[in-house]
Structures are given as structure tokens and as C-alpha cells.
Amino acid sequence: MKNPLAVSAVTRKLSEQVYSHAKEGRMVLTLGGDHSIAIGTIAGTAKAIRERLDREMAVIWVDAHTDINTPETSDSGNVHGMPVAFLTGLAKDDREDIFGWLKKENLISLKKLVYIGLRDVDRGEKLILREHGVKAFSMHDIDRHGIGRVMEMALGHIGTDTPIHLSFDVDALDPMWAPSTGTPVRGGLTLREGDFIAECVHETGNLVAMDLVEVNPTLEPGVDDIGAHMTVRSGCSLVRCALGESLL
């Protein structure tokens with residue numbers, strides 16, 4: 001793994017901060033950062049929900065990528081490609097300073113995990129999804145069924161009255177809408193489809209936390225910062241929709 005000590009220390013501190021707010025019943029919004037921050041945000045929320053509601057939390061992971069590589073399956077060694085593996089216990093380390101601080105109360109169940117927007121998944125990750133029966137909706141599923149039906153199936157899988165942590169990687173959107181991000185992949189969600197996902201989660205009344213990650217204005221592919229401004233505006237739109245902004 002690349003920089004495991006630093007990432008572990010940062011996400012541990014972040015988990016404590018998120019936990020301190022979530023245990024008081026506050027909805028927690030975290031702006032990243034790459035998607036490795038979800039190790040901290042989800043760990044903190046999961047612990048708080050177990051203590052406050054005695055419930056298991058669901059996670060809706062909206063992303064072009066599954067981020068479920070283990071250190072053994074990862075070709076790059078980038079921790080931002082591994083957060084789901086650590087959060088579900090598929091990856092673990094005995095060292096306290098290398099994610100050994102993650103305890104049972106910080107983890108989530110693979111049965112309460114739903115992916116939306118996938119289109120760039122490693123071979124090893126595909127095997128993990130199949131082996132564990134993880135509910136995953138690729139862009140093929142969205143093209144086939146439409147985003148409305150996909151959200152019905154995703155929320156139906158989670159079940160009603162289940163606390164939801166929405167972890168949204170802006171690269172789930174097509175680069176047309178969010179070009180300033182670390183690993184853009186063509187063929188993604190439209191901004192309206194992304195907004196609809198956030199709206200649907202808000203409408204459940206069960207949203208307890210949200211991450212918005214990988215908005216990186218320093219990665220400017222256009223001229224006059226147009227791409228950066230577009231990506232920031234897209235990210236703001238997703239957050240506003242998750243917080244309850246409606247079209248009418």
C-alpha cells in the first residue's frame with residue numbers, strides 16, 4: 001500500500017470527528033479528498049448509528065469504480081481503491097497504525113452495500129462482487145432500466161427505515177459534467193441522473209451522512225478554468241439535492 005500510515009492516521013481522526021456529530025443525531029456532510037476518506041466517514045457513522053439506534057447502516061456508493069480492492073488484489077497500491085474492502089472487513093491489518101483501529105462497530109455489511117454507476121471495475125473486484133453477492137448497478141443497468149427503476153431496486157434492497165450513508169464520487173458523473181477529477185471515465189451518469197439519486201435518498205428521510213469526493217479543481221482539462229468551475233457546480237448540485245433542494 002502507498003502511504004498507509006498517513007492515510008490511516010487521517011481517516012482515524014476523521015472517523016472520530018464524524019462520530020462525535022453523528023452520535024448527536026446530526027446529518028454529517030464531508031467534502032473530500034479522494035475516496036479513501038470514506039474509511040473514516042463511514043467508520044464513524046456506522047459506530048454512531050449502532051450506538052444511537054441499535055441499527056445496522058446501509059451504504060449507497062455512487063462511483064465509476066468499486067474501490068473494493070484488497071492490498072493483495074490491487075495493482076496500484078492506492079488506498080483510495082481499497083476503502084470498501086477495509087470497511088467490510090475483507091481487508092484488515094493487525095497493526096493499530098495501519099487501519100487496525102477499525103473495529104467491528106466501525107464496519108458495514110456487504111449485504112447493506114449498494115453500488116450505482118459502475119463502469120471501470122478490476123478483474124479481482126468483479127470476483128469479489130460475485131463471490132459475496134454484492135448488489136451493484138452498472139451503467140449498463142442504468143441504460144437498460146433507467147435511473148428511476150434502478151433507484152427503486154437499490155432502495156428496495158436496502159429496505160425501508162434503514163439509515164443510509166451516501167458516498168458519492170464525482171467521477172460517477174460523465175466527464176462532460178465533471179472533468180476535474182482524478183480518474184474520469186467516459187460513459188457515466190448525467191448530472192440530472194446524479195441529482196436524481198441524491199433526491200431519492202433524501203426523500204427516504206433516512207439519510208444520516210454524505211460524502212462528496214474527488215472534486216479536484218487543480219486538475220483542469222479545459223481553458224480558463226471552465227472544467228474546474230463545471231465540476232464544482234456539479235458537486236454543489238449533488239449536495240443541494242441530497243439536502244432537500246427540489247425542482248419545484
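Visitor: What's the relative accessible area of R192?
Guide: R192 has a relative accessible area of 37%. That makes R192 partly exposed. Keep in mind that this is a predicted model.

Visitor: Which residue does R192 form a salt bridge with?
Guide: The partner is E199. The closest N and O atoms of R192 and E199 are 2.8 Å apart.

Visitor: And E199, buried or exposed?
Guide: E199 counts as buried, at 12% relative accessibility.

Visitor: Which residues do shared partners join into one network?
Guide: R12, E96 and K103. Salt bridges that share partners join them.

Visitor: Why can side chains pair like that?
Guide: Opposite charges can pair when the charged atoms come close.

Visitor: How many salt bridges does a search of the whole structure find?
Guide: Eight. One of them is between R55 and D161. Their closest N and O atoms are 3.7 Å apart.

Visitor: Where do R55 and D161 sit in the chain?
Guide: In distant parts, 106 residues apart. R55 is in the loop between α2 (38–53) and β2 (58–62). D161 is in the loop between α7 (147–158) and β5 (164–169).

Visitor: What about their accessible areas?
Guide: R55 is partly exposed, with a relative accessible area of 30%. D161 is exposed, at 52%. D161 gets that label because exposed means over 50%.

Visitor: New one. What does R95 pair with in a salt bridge?
Guide: R95 forms a salt bridge with D97. The closest N and O atoms there are 2.8 Å apart. R95 counts as partly exposed, at 43% relative accessibility. D97 is also partly exposed, at 35%.

Definitions and conventions
Residues are numbered from 1 along each chain as its sequence is written. This is a predicted model: local features need pLDDT of at least 70, side-chain atom pairs count only at pLDDT 80 or more; totals for chains, interfaces and linings use all residues. Side-chain values use heavy atoms; hydrogens and water are left out. A salt bridge is a side-chain nitrogen of Lys or Arg within 4 Å of a carboxyl oxygen of Asp or Glu. Helices (H or I, at least four residues) and strands (E, at least two) are DSSP runs, numbered from the N terminus. Buried means under 20% relative accessible area, exposed over 50%, partly exposed in between (1.4 Å probe, protein chains only).
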